[in-house]
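The following exercises are to be worked through with the sequence and the structure at hand. Each task is followed by a solution in steps.

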Amino acid sequence: MKFKQFIFITVFSLSLSQPIIAKDNIVIGAAVSTFADKWFTYVIDAIKNYDEANDDVIIEFADANNDSAKMLNNIENFIEQKVNAVIVHPIDRNSLRPIALKLKRAGIPLIVVNRRPFDKDMKYVATYVGSDEVQAGHLQGEYIKKALNGKEGRVGILLGPLGLDGQVNRTKGNKDVFSKTNNIKVLAEQEGKWERDRGLAIAEDWLQSNKNLNVISSNNDEMAIGALLALNKAGVKDEDFIVVGVDGTPDALDYLGKGLDATIYQDATGQGTEAAKAAHQLSKGLKVEHIINVPFQIITIENKKQFIR
């Protein structure tokens with residue numbers, strides 16, 4: 001009787017600590033740089049929705065809180081669990097190679113979403129899902145050029161975290177357009193790390209130091225909104241300033257026509273869905289494109305309604 005009780009208790013305790021997973025289920029790990037990135041929460045939601053829509057898939061999330069060591073530890077945990085594939089939203093491009101090499105040695109497909117790896121590291125990636133960041137910068141630049149209509153443009157660029165693909169190539173896209181005009185010049189650039197508060201502080205500093213700007217092109221919406229708040233606080237009229245962001249967040253849509261002139265829609269739902277779908281297919285041994293591009297689109301007050309979630 002005691003032996004039977006001991007066996008029962010042992011089995012019961014295991015059932016509490018280890019989820020019972022059906023043999024045919026595909027388990028996918030999703031290693032996220034941080035859950036605090038507002039825009040990326042929409043990518044996470046799309047991945048979760050894909051999980052709910054597919055009965056043979058279980059997707060487990062791990063938050064690294066922007067800590068590279070913690071991200072690597074999360075990857076090691078997924079390897080120990082013998083997941084079928086891993087989706088990674090890297091903290092930065094420099095931190096990806098150790099992750100990629102560990103997954104390669106374990107024979108687990110790596111799907112990178114949103115933050116493009118260095119070209120030299122793409123050979124370790126089964127699939128990259130994202131958007132062409134240069135295109136986002138081009139769309140911003142072309143909108144600014146058209147809005148100025150030949151008038152002088154004195155531009156300040158709010159930068160995301162330095163070195164990230166989004167920061168580098170959105171800025172490049174802006175400058176590609178501006179370099180082909182005689183009336184637009186970049187007079188200031190500063191890193192705002194995607195944050196609204198930093199965007200506000202930088203814009204306040206630019207106004208106080210008499211940079212004489214009349215355009216702010218921001219690498220993302222949060223910094224653009226921060227800059228807009230600084231302009232409002234200083235009593236700058238909407239018609240005297242052009243402000244353009246990237247992402248097409250709900251907050252940005254609220255500000256469109258209220259000082260924010262345009263934003264470039266980055267399809268978080270598309271990126272999350274395609275990343276989850278690629279992981280699912282690779283787990284089943286199916287072929288998937290090495291690069292899956294989800295196009296950017298421009299949003300202005302005229303077409304705003306079609307992007308409201």
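**Exercise 1: An aromatic pair**

Both Trp39 and Phe40 are buried. The model under study is predicted.

Task: Determine how the rings of Trp39 and Phe40 are arranged relative to each other.

Solution. Step 1: A pair of aromatic rings is described by the distance of the centres and the angle of the planes. Step 2: A search of the whole structure gives two aromatic pairs. One of them joins Trp39 and Phe40, with 6.4 Å from centre to centre.

**Exercise 2: Helix H2**

Task: Compare the span of helix H2 with the expected span, and state which elements its buried residues pack against.

Solution. Step 1: Helix H2 comprises residues 40–53, 14 residues in total. Step 2: From the first C-alpha to the last, H2 reaches 20 Å, close to the 20 Å expected at 1.5 Å a residue. Step 3: The buried residues of H2 include Phe40, Tyr42, Val43 and Ile44. Step 4: Packed against the buried residues of H2 are strands S1 (26–32), S2 (57–63), S3 (85–89) and S4 (110–113), together with helices H9 (250–255) and H10 (268–283).

**Exercise 3: Gln167**

Task: Decide whether Gln167 is buried or exposed, and list its contacts.

Solution. Step 1: Gln167 belongs to helix H6, residues 165–178. Step 2: The relative accessibility of Gln167 is 9%. Because buried means under 20%, Gln167 counts as buried. Step 3: Leaving aside residues up to four places away in sequence, Gln167 touches Leu159, Gly160, Pro161, Leu162, Trp194 and Asn219.

**Exercise 4: The largest pocket**

Task: What is the volume of the largest pocket, and which helix gives the most to its lining?

Solution. Step 1: The largest pocket holds about 650 Å³ of space. Step 2: Its lining has 27 residues, and the closest to the centre are Asp37, Arg115, Pro161, Lys193 and Trp194. Step 3: Helices H6 and H8 (221–233) each supply at least two lining residues. Step 4: H6 gives the most, with three residues.

Note on methods. Residues numbered from 1 in each chain as written. Predicted model: local features only at pLDDT ≥ 70, side-chain atom pairs only at ≥ 80, totals over all residues. Heavy atoms only, no water. Phe/Tyr/Trp six-rings, centres within 6.5 Å; stacked < 30°, edge-to-face > 60°. Buried < 20%, exposed > 50% of the residue type's maximum accessible area, 1.4 Å probe, protein only. Helix = DSSP H or I, 4+ residues; strand = E, 2+ residues; numbered from the N terminus. Expected span 1.5 Å × (residues − 1). Contact = heavy atoms within 4.5 Å. 1 Å grid on protein atoms, 1.4 Å probe; cavity = no way out; pocket = protein on both sides within 12 Å on 5 of 7 lines; lining within 4 Å. Points joined across faces, edges and corners; volume = space filled by probe spheres on them.
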